[in-house]
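Work through these exercises with the chain in view. Try each task before you read its solution.

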Amino acid sequence: MKILVATQKPFAPKAVAMIKDIIEQAGYTFALLEKYADVEEFKAAVADADALIVRSDKVTREVVEAAAQLKIVVRAGAGYDNLDLEALSERGVVAMNTPGQNSNAVAELAIAMMIYMSRAQFTPATGSEISGKTLGIQAFGNVGRLVGQKAAALGMKIKAIDPFLSDEQIVAGGAEPVHSLEELYADSDFVSIHIPATPQTVGSIGYDLISKMPKGATVINTARAEVIDEAGLAQVLAERTDIKYAADVAPGNISQLQEEFGVRVFATPKKMGAQTAEANINAGLAAARQIVSFFKEGNTRFQLNK
Ligand code: 3PG
């Protein structure tokens, strides 16, 4: 039984060694493909794999079709917009994610970005403090809740919206519930976005929402670049010279935005929210254990395509 770890953006070496250990101790063969050049290399490596662990690597129909032996794929992370669930289901391949395992790393990055943007990207310009400001959290899941807790400890007032949670659940998570996105954006000095990329959310945050924000407000996007309407963002940044935007990872029009708006715009060069040794170990080991448990016990907890 061959279990392939295919990561364009590698896990920390320590995480790889620990994943290998779990797989070999279970009696399976470990294979590793890192920083592959193109999809052909990915397809060749997965051709005889029984199980696959990926990060944001795109498991497209083409990849699934090349993986004749594949029985399970685990996305070591939360967002699974990189998996073609339809193609996987058609081939009877189980798909899983590892929710919550890398949340703390992403939450820490969101906090870091708020401070970085408040201090004009650490240039000598006079900045502002985040203490006493209002943070609106768009989606109060694993990452959103952690961002709220950390921000509250830094003296921020926390509001949150989540269509899947009751007001009681949001209050229990330490935030004041808000009932419309318009209200969240209008009331928040910072909005931290934690929604997945789905057909409903792609391009859903743009001019209408961001232009409602109070003076000096900042949007922090550590979710997915795709949820932003890039043209709308460019328009609001041009009209409102007080608004700022920071993202992990860059929108398609990042060079234009940085050229026009300077330190009011920041984007990581490569998605790095979950790029800590701890997050790699948490998510990578969870993925390996889920695969072993699936093969040994038929455990389908965390299956996405039931
Ligand atoms: C996630 O959805 O878990 C994060 O975006 C992490 O993605 P990565 O594994 O590519 O860093």
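The exercises below go from the whole chain to single residues, in a model that is predicted.

**Exercise 1. The overall chain**

Task: Decide whether the radius of gyration of the protein chain agrees or disagrees with that of a compact globule.

Solution: 
- Step 1. Start with the length: the chain has 306 residues.
- Step 2. A compact globule with 306 residues would have a radius of gyration near 19 Å.
- Step 3. Compare. The protein chain has 20 Å, so the two values agree.
- Step 4. The C-alpha trace spans about 60 × 45 × 35 Å along its principal axes.
- Step 5. Buried residues make up 53% of the 306.
- Step 6. Look at the contacts. Take those between residues at least 6 apart in sequence: 62% of them join residues at least 24 apart.

**Exercise 2. Surface and charge**

Task: State what share of the accessible surface belongs to carbon and sulfur atoms, and how far apart the mean positions of the positive and negative charges are.

Solution: 
- Step 1. Take the total. The accessible surface of the protein chain is about 13,400 Å².
- Step 2. Take the share. Carbon and sulfur atoms hold 52% of that surface.
- Step 3. Count the charges. There are 30 positive and 36 negative ones.
- Step 4. Compare their mean positions. These lie 5 Å apart.

**Exercise 3. The seven-stranded sheet**

Task: Give the strand order of the open sheet of seven strands, and name its edge strands.

Solution: 
- Step 1. Note the inventory. The chain has 12 helices and 12 strands.
- Step 2. Read the order across the sheet: β8-β7-β6-β9-β10-β11-β12, with parallel pairing.
- Step 3. Find the edges. β8 (176-177) and β12 (265-267) each pair on one side only, so they are the edge strands.
- Step 4. Zoom in on one pair. β6 (residues 134-138) and β7 (residues 157-161) run parallel and share five bridges.
- Step 5. Pick one bridge. I137 has A160 in β7 as its partner.

**Exercise 4. A covered strand**

Task: Work out which residues of β3 lie on each side of the strand, and which strands pair with β3.

Solution: 
- Step 1. Recall the rule. In a regular strand, side chains alternate between the two faces of the sheet.
- Step 2. Apply the rule to β3 (residues 51-54). A51 and I53 are on one side, L52 and V54 on the other.
- Step 3. Check burial. All four are buried, and both faces of β3 are covered.
- Step 4. Find one partner. β1 (residues 2-7) runs parallel to β3, joined by four bridges. L4 stands opposite L52.
- Step 5. Find another. β4 (residues 72-75) also pairs with β3 in the parallel sense, over four bridges. Here the bridge partner of V54 is R75.

**Exercise 5. Buried, exposed or in between?**

Task: Classify I210, R224 and A238 by relative accessible area.

Solution: 
- Step 1. Set the cut-offs. Buried means under 20%, exposed means over 50%, and partly exposed is in between.
- Step 2. Take I210, in helix α9 (residues 207-210). Its relative accessible area is 0%, so I210 is buried.
- Step 3. List what I210 touches beyond four places in sequence: Y185, I205, V219, L233, V236 and I243.
- Step 4. Take R224, in the loop between β10 (218-221) and α10 (230-239). Its value is 13%, so R224 is buried.
- Step 5. List the contacts of R224 beyond four places in sequence: R75, G79, D81, A197 and K271. R75 is also the bridge partner of V54.
- Step 6. Take A238, in helix α10. Its value is 44%, so A238 is partly exposed.
- Step 7. Compare distances. A238 and E260 are 22 residues apart in sequence and 8.2 Å apart in space, C-alpha to C-alpha. I210 and A66 are 144 residues apart in sequence and 43 Å apart in space, C-alpha to C-alpha.

Conventions. Residues numbered from 1 in each chain as written. Predicted model: local features only at pLDDT ≥ 70, side-chain atom pairs only at ≥ 80, totals over all residues. Heavy atoms only, no water. Helix = DSSP H or I, 4+ residues; strand = E, 2+ residues; numbered from the N terminus. Rg over C-alpha atoms; globule rule 2.2 N^0.38 Å. Buried < 20%, exposed > 50% of the residue type's maximum accessible area, 1.4 Å probe, protein only. Contact = heavy atoms within 4.5 Å. Areas by Shrake-Rupley, 256 points an atom, 1.4 Å probe, with all protein chains shown as cover. Lys, Arg positive; Asp, Glu negative; His and termini not counted. Charge placed at Lys NZ, Arg CZ, Asp CG, Glu CD. Pairing = 2+ DSSP bridges.
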